[in-house]
Every structure is written in structure tokens, then in C-alpha cells.
Amino acid sequence: MRSAIDTVLIVHLARAWRTFHRRHMLLALAEALPRTTGMICVDRPITFDVTPWKYPRKFWTGIWRMRPKCEQDGGLWIITPRVLLHDHVAARIPWSIQVNRGLLASQLVPAVRRLFPSARNVVQWIYHPVQHWVFGALQDSGRIYECYDDHSRLPLGAFDEAAWQRELETLLSVDLAFVTTQGLMQSRRLYPPRLELLPNGVADVCFAEMPQSPDTIDNVPRTRIGYLGNARSIVNFEML
């Protein structure tokens, strides 16, 4: 267990912890942090509009009290708060954002005090503009936004003005923004006070040994080109 924690990094996940595609990055980050910095990942909240029918077991086991889960010898904690409505629903109902923020603060503040009682500084990290409301739960915290996708685009590639306005508000309100590609860097470089390129990577240990190729792949003539990602209108289908 770490001692003399001075700063707590609170990361609000964009997907459930066990299926979040940036989970390994967060585990590596927690391991690399200074011993004076603790880390809390806020899992996707239990809500009263989505969780009961989509994840009934999660709802009934987690609605009564929040149970922090420890990872990496106390350097990383996972908490699952309870709020009123899902982010995307609350974004359309202004008063519900205030309720969500109050509920989150009432659980997050005690959790920080209990897990890291010596902490004096808090930094919050989000992944999507629709999460911007969480910053208000801890007013004096530092603010980080990691942009790993173009959230101003609809699934088929069309520009979404309302989504861009939400992202612009987020970019202008944070202390530090990360982007994962040069394209995102170019389109967002004028807005946040500090913008850094943080390229995507892979867990190279997973590729340490070359697997045996199935017979069906062996029969495919070389050169072989593979594609992993979303197939939508912004992709050059002719090139693929």
C-alpha cells in the first residue's frame, strides 16, 4: 500500500472497466506514477434509467453501497458510483446534470478521503465531451481530456454541430488535452491551453510469439493486407 499520497488522479472511464480498450494503458500508468500519486478509476455509474434493464445484476448488487476494488497493491482503485441518469440522457435534461453532479460528489469526495487521506491535490481525467459535467463534482481539481476519436462526427462521418460545441467547451475548460493522432492534433490545436500528442500503442508482450497460421490463411496468396477498425464513409473503401 502506498503511503504519503499527495496527489490523486481520478479517471472517469468511457466504458466499463473490464471491457475498456484503454484498461491496459491505465494499469501501466498506475504502475508508472510516482509513489506520492494515487489513482482512482471511476467505472461506468449505476443509473436508474439504463442499468436496471441492461445490467440488472450490477444494479441490484451495487445500488445499495459503493464497494471500492483494489488493483496493484493499492496504487489503483476502482469505484462504481450511483447517479440518476446516463450521461447521454442527462445531457438533454439540464436539471438532471445537477443531480448527477451532486450524487457523484457525495460519493467521490468521501472515497478520496478514505482511500488517500493525506492527498491535497486532485486531477480529473475524462475521455468524452459528454463527461464534462463530472469536473464540477470536485471544483478545484485539475482537468485532463484525452481525445482518442473525432467526437464531432456522426457514425457515418457527417459533422455534428452540437457535438462539436460540447467538445469545444471541454477543450477550453481543461488544463491539458491529449490527442492520439496528428489529424486530431491539427483540428484541435488552437483551443486548449496545452495540447499533447499521445499516440496509441499496443501491449507488445501479447505479440512476443508468432502464432501458428491457420490453414485457411496459409492458402491466401501474398501480399496480405488486413484492416482493423470501423468501416464507415470517412474510410477510403477504394483503397481498401
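Tutor: If we take a 1 Å grid over the protein atoms alone, and call a cavity a set of points where a 1.4 Å probe fits but cannot get out, the count comes to one cavity of 30 Å³ or more. Before we go further, note that this is a predicted model, in which local features need pLDDT of at least 70 and side-chain atom pairs count only at pLDDT 80 or more, while totals for chains, interfaces and linings use all residues. Residues are numbered from 1 along each chain as its sequence is written, and side-chain values use heavy atoms, with hydrogens and water left out.

The largest cavity has a volume of about 90 Å³, where a volume is the space filled by probe spheres set on the grid points, which are joined across faces, edges and corners. Its lining, meaning residues with an atom within 4 Å of a point, includes H12, L13, D87, L104 and W133. By class, the lining holds seven nonpolar, two polar and three charged residues, with Ala, Val, Leu, Ile, Met, Phe, Trp, Tyr, Cys and Pro counted as nonpolar, Asp, Glu, Lys and Arg as charged, and the others, Gly among them, as polar.

W133, one of the lining residues, is also touched by N100, which has V83, L84, L85 and A90 as its other contacts (heavy atoms within 4.5 Å), not counting residues up to four places away in sequence. N100 lies in helix α5, residues 94-115, a helix being a DSSP run of H or I of at least four residues and a strand a run of E of at least two, numbered from the N terminus. N100 has a relative accessible area of 0%, so it counts as buried, which means under 20%, whereas exposed means over 50% and partly exposed lies in between, with a 1.4 Å probe and protein chains only.

I40 touches residues including V8, I10, I79 and F116.

Terms used. On a 1 Å grid over the protein atoms alone, a cavity is a set of points where a 1.4 Å probe fits but cannot get out, and a pocket is an open set with protein on both sides within 12 Å along at least five of seven lines; lining residues have an atom within 4 Å of a point.
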